[in-house]
Amino acid sequence: MSTCATDDTAHSTVVRWTDAFPWLTTSVPGGGDWAGPIDDAGTAARQARLAELVALAMEHVPGTPVVELFPLLPLDVPVTALELPTRAARALARFDYTTTSQLRPLTCGTMMGWRAIGVGTVSAILEALANVNAQGTHPELTESPSTTADSDPASLMERETAAALSTDVCAPEGSRGREIGDRLLVIGRWLDAVGRPDDLLLGDGALPGEPAEVREAREYLRGLTAADLRDTDVPASTLASLLDELLAGFDPRTIDILRLRLFADEPATLEELGQAHGVTRERVRQLDNKARATLSDAVSEGGPLSHATAGIRRIIGALRPLEEVIAVMPALAGTVSAVGQPAWRLLDRLDESYEIVDGWCAAPSIAEAENRTRQLLDAAADQHGVVRIDDVSFGPDPAPERTTRSWLERCGYVVDGDHVVTRISSVGDYAAAVLSIEGAPLGAQQIVDRFVHERSARSLANALSTDDRFARVDRDRWALAEWGLEGYAGIKAAIGKELAEAGGAIPLDDLVQAITGRFSVSAASVLAYASNPPYELRGGIVRGSTGGRQPRKAPEHTARLYRHGDAWALRVRVTTEHLRGSGFIAPIAIAGILGMTHGDKVTLASDYDEQTVHWTGNQPIFGTIRRYLLAYDVSAGTEVLLIFGDEQLFTVEVVDAASGDPVRDALVLIGASRRLRGDAARRSFARAVCLPEDSPLATVIGAYRSRGDDDIAELLLAGRSVIASDDDPETGAAPLA
C-alpha cells in the first residue's frame with residue numbers, strides 16, 4: 001500500500017482515493033468503491049469520480065471543514081489557479097477568499113448558506129479543491145502573472161469584450177470593409193511617413209501639415225455607426241433576438257414554465273405548473289432547474305451573452321436607476337417574444353451578480369445597497385441625523401443629484417432641500433433636524449410646515465418645551481439649545497430680568513423698548529404685565545409690587561356667575577379647547593370666592609379627581625375639566641355650570657337646551673329648578689344675583705342687565721306675565737311643563 005505525507009509543504013504521490021480522502025472509509029455507507037487508484041488528471045473518468053466524491057461529502061459530512069475533507073490540500077495555492085467556473089470564482093472573490101489556506105475552515109453547510117450561491121456553485125468549488133488534493137505536489141500551481149491574468153474574472157471580461165468589439169468592428173466584409181481598410185491605410189502610412197507611428201489613428205485633432213485625404217479618411221471613420229458595418233440584408237442581432245434564439249432550443253412546455261416561474265412578476269408554484277401541464281411538481285422542478293442551468297451558462301463568461309452581462313454590470317456599478325442603464329444600453333428594453341418580457345428582466349434573473357427591483361439596479365442586491373446606504377448616512381450624519389446630499393456617494397463615479405435624491409426617498413429617508421434627514425421617528429428628532437438645516441430659529445408652524453407628515457404647531461410647541469435640545473427664544477420661535485441664544489420665558493420673566501439689571505426700578509418706556517426690541521410682543525402686553533403683580537406701575541416707573549393682589553370685582557356683579565344654594569355656579573360654553581383638555585381663564589371674582597390672593601393655587605375636591613385653580617398671571621386659571629365632559633358626553637357648543645361649593649367642593653352640571661318657554665329657560669341658565677314660576681321664580685332669580693328676595697321684578701331684570709346677563713334679562717321680560725301670576729308650585733299650583 002502506498003503512503004502519503006501529511007506535511008503541507010511536501011507530498012509524495014497519492015495512488016488511491018482513500019489515501020487522499022481518508023474520510024471515505026468511515027463516512028460513506030458500505031465504504032463504496034474507493035480503494036482503487038486515482039484516475040489520471042484531465043480524464044473524464046477522474047472528473048466523474050470527483051463529482052461523485054463531492055456529492056458524498058455534501059450528503060454525509062456537510063459539517064466537516066475543508067481541512068479534513070482535503071487533508072493534502074496545499075496552503076499556498078491561489079484561488080485564481082484553481083480550475084473554477086466563472087460563477088464559482090466570483091463567489092469566492094466576493095467573500096475575499098484568495099488562497100486555499102483561507103478555505104480550510106469552511107464547510108459544505110457554510111458555503112450553502114451564502115446568499116445567491118446554489119448547490120452547483122458549491123459543488124464546483126469542492127470539485128476543484130478535491131482535484132488539487134488528489135494531485136500530490138503541484139509545482140505548476142504556483143501563481144504566475146500569466147495565470148493570474150488568465151483566471152481573474154475582471155480580466156476575462158475585459159478581454160472578452162475587447163474580442164467581441166474586435167470581431168464586430170474590425171472585420172467587416174464586402175465593399176464597405178475594403179473602403180474602411182483603405183481609409184485606415186491612408187492614415188497609417190502618412191503617420192509612418194512623418195515619423196509618428198505610435199499616434200492613434202483617430203486622434204482628437206488634425207496635425208499641422210496633414211494632407212486633405214488623411215483628414216477626409218478620419219472624418220469618414222469617425223462618422224461610421226454600427227449599422228454601417230452590418231450587411232443590409234441581414235437583420236441586427238439584438239439582445240432580445242439572441243435570447244429568443246436561446247429559448248428556441250427548449251420545448252414549448254419548458255418555455256411556459258420559464259415564463260410563468262423564472263421570468264414572471266409573481267412566480268407560479270411547482271404545484272400549479274404541474275397541474276397545468278399534467279406532470280408532477282418534481283418533474284416541473286427538474287425541467288426548471290435544467291433550463292436555468294442552460295440559460296445561466298449563456299450569460300456567464302464564455303457564453304454567447306457574456307459581453308452583454310459584463311456591460312450591464314459595468315453600467316450599474318454599485319447602484320443605478322434602470323432607466324439610466326437602458327439609456328446607455330437601449331437593447332435591454334427589447335421584448336423577448338418567447339416569454340413576453342423585456343431583455344433586462346431575463347438577464348437580471350439569470351445573472352446573480354446584480355438585482356433589479358422597482359426600477360432600481362444594484363450590485364450585488366437591492367438589500368445590500370440599502371444596507372450600504374444606511375451605513376453611509378449613519379457615518380456622515382451630524383448629531384441631529386442630517387447629511388448633506390453632496391456627501392452621499394454610492395461608488396467611485398458620483399451619481400447625478402436627482403438619482404441620489406430618488407434613491408434616498410425610495411429608502412424611506414426625507415430629503416429637505418440640499419440635505420437628507422435620517423431621524424424623524426419623533427417630532428423632537430424631526431424638529432432638531434429642520435433647525436439644524438435652517439441654522440436659525442423658526443416658529444412652530446414654520447417647523448411643522450417642513451414636516452412630511454401632518455402635525456399641529458401646538459403639539460410641536462408642547463413637545464419642544466419639555467425637550468432639553470431646544471430653547472424658546474421668542475414668543476413662538478425655537479432654536480437649538482447648543483446655539484446658546486438668549487431664552488424667552490414669557491413677558492413676566494423678561495420684566496423681572498430687566499428690573500434686576502436696572503436695580504429694581506425702570507421707566508415704563510425703557511422697559512417697553514427693551515422687551516419689544518428683543519421679542520415679538522406688543523407694548524400693550526408689556527404694559528399689562530408691568531401693571532399687575534408681581535409688579536406695579538406708579539408714576540411711570542415699574543417696580544416689584546409690595547403686596548399681594550386682591551380680587552377687585554364682587555361675584556354678584558360678574559356676568560354668568562350665580563349664587564346656587566350654598567355654592568356659586570359659573571356658566572361656561574364648551575369649546576374644542578375644553579374637549580382637548582386645555583385650561584382656561586376664570587373671572588377674577590372666582591379668586592374672591594375661593595379666598596385666593598395672587599400667586600395662590602387652590603385644589604377642590606371632586607367626584608372626578610381634584611380640580612385646580614391657580615392665580616399666577618393677570619387672571620385666575622381653571623385646570624382642565626375634560627374628564628367631566630367625557631363622563632357626561634358633552635359636545636362643543638353645549639353650556640355647563642361649574643359649581644363651587646362653600647366647602648371647597650367642585651362639580652359640573654350640563655345646561656339643558658332651550659325649550660322655548662322663557663321662564664323655564666331662564667331658570668335653567670342660572671341652575672335653578674325649571675319647575676318654578678310665579679313669585680317663587682322671582683325670588684330664585686333675585687337670590688342668584690344676591691338681591692333681597694322681595695326685590696321687585698323690574699329691579700331683578702335691571703340687575704341682570706347691568707352685570708352683562710342680557711340673555712337672561714330678555715327671557716325675564718318675555719316671561720314677566722308668568723312670573724307675576726299667583727300660581728306658585730311651592731304652594732300647590734300646577735308646575736310649568
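Helix α14 (residues 252–262) packs with helix α16 (residues 281–299) at an angle of about 85°, their axes lying 10 Å apart, where axes are lines fitted to C-alpha atoms, for helices over the stretch in contact, and angles run from 0 to 180 degrees between N-to-C directions. The two helices, α14 and α16, are therefore roughly perpendicular to each other, a term that covers angles of 65 to 115 degrees, whereas those under 35 count as roughly parallel, those over 145 as roughly antiparallel and the rest as oblique. The model is a predicted one, in which local features need pLDDT of at least 70 and side-chain atom pairs count only at pLDDT 80 or more, while totals for chains, interfaces and linings use all residues. Residues are numbered from 1 along each chain as its sequence is written, and side-chain values use heavy atoms, with hydrogens and water left out.

On the α14 side, R253, T254, I257, L258, R261 and L262 meet R283, V284, L287, D288, A291, R292 and L295 of α16, contact being defined as heavy atoms within 4.5 Å. By class, this contact of α14 with α16 comprises seven nonpolar, one polar and five charged residues, with Ala, Val, Leu, Ile, Met, Phe, Trp, Tyr, Cys and Pro counted as nonpolar, Asp, Glu, Lys and Arg as charged, and the others, Gly among them, as polar.

Both of these helices also pack against the buried residues of α13, as do α17 (306–316), β2 (335–336) and α19 (343–350). In α13 (residues 239–247), the residues L239, A240, L243, D244 and L247 are buried, that is, under 20% relative accessible area, with exposed meaning over 50% and partly exposed in between (1.4 Å probe, protein chains only). They cover an arc of only 135° around the axis, which puts them on the same side of α13; the arc is that of the directions from the helix axis to the C-beta atoms.

Elsewhere, three strands form an open antiparallel sheet in the order β11-β13-β12, two strands being paired if DSSP finds at least two bridges between them. Because β11 (505–507) and β12 (535–538) stand at the edges, each with a single partner strand, one side of each is left without a neighbour in the sheet. The twist averages 25° from one strand to the next. Four bridges join β12 to the antiparallel strand β13 (residues 541–544), and L537 has V542 in β13 as its bridge partner. Helix α27 (residues 523–530) packs on the sheet and touches β12 and β13, its direction making about 105° with that of β12.

The protein chain has 35 helices and 21 strands, where helices (H or I, at least four residues) and strands (E, at least two) are DSSP runs numbered from the N terminus.
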